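Biologist: Please take a close look at one part of this model for me. I would like the local picture first, then the setting around it.

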Amino acid sequence: MLVAFLMGFSCGLPLLLTLGSPGLVDEEGVDLAWVGMITLVQSPYSWKFLWAPLMDRFTPPVLAAGGGGC
């Protein structure tokens with residue numbers, strides 16, 4: 001259970017760390033384009049509830065083991 005808890009915590013940590021960043025960098029006078037880029041980092045984590053079950057069910061060919069890599 002501890003391992004499952006730690007894995008879940010580490011999956012949500014990037015979203016937590018970037019959640020308050022756009023407001024902080026905007027106050028420091030960072031360009032609005034960079035603030036938008038920081039916000040884009042949050043997108044995969046925000047939509048994870050949609051794509052995670054698909055990744056569990058289907059393996060993309062790029063990630064398949066023995067795909068004939070180097």
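Modeller: Start with a definition: a residue is buried under 20% relative accessible area, exposed over 50%, and partly exposed in between (1.4 Å probe, protein chains only). Phenylalanine 49 has a relative accessible area of 57%, so this residue is exposed. This is a predicted model: local features need pLDDT of at least 70, side-chain atom pairs count only at pLDDT 80 or more, and totals for chains, interfaces and linings use all residues. Residues are numbered from 1 along each chain as its sequence is written, and side-chain values use heavy atoms, with hydrogens and water left out.

Phenylalanine 49 sits in helix α5 (residues 48–57). Helices here are DSSP runs of H or I with at least four residues, strands are E runs of at least two, and numbering starts from the N terminus. The protein has five helices and zero strands.

Now the rings. Rings of Phe, Tyr and Trp (its six-membered ring) pair if their centres lie within 6.5 Å; planes under 30 degrees apart count as stacked, over 60 as edge-to-face and the rest as tilted. That rule gives one aromatic pair. The ring centres of tryptophan 47 and phenylalanine 49 are 6.1 Å apart and their planes are at 25 degrees, so the pair is stacked. Tryptophan 47 and phenylalanine 49 are both exposed.

Both residues also belong to a nonpolar surface patch of about 810 Å², together with Leu50, Trp51, Met55, Val62 and Leu63. Patch residues have over 30% relative accessible area and no salt bridge; like charges are joined within 9 Å, nonpolar side chains (Val, Leu, Ile, Met, Phe, Trp, Tyr) within 5 Å. A salt bridge is a side-chain nitrogen of Lys or Arg within 4 Å of a carboxyl oxygen of Asp or Glu. Areas come from the Shrake-Rupley method with a 1.4 Å probe, and for residues only the protein chains shown count as cover.

Of the 70 residues, 9% count as buried. Last, confidence: pLDDT runs from 0 to 100 for each residue. Its mean is highest in α5, at 84, and lowest in helix α2 (residues 21–27), at 66.

Technical notes:
pLDDT = per-residue confidence, 0-100.
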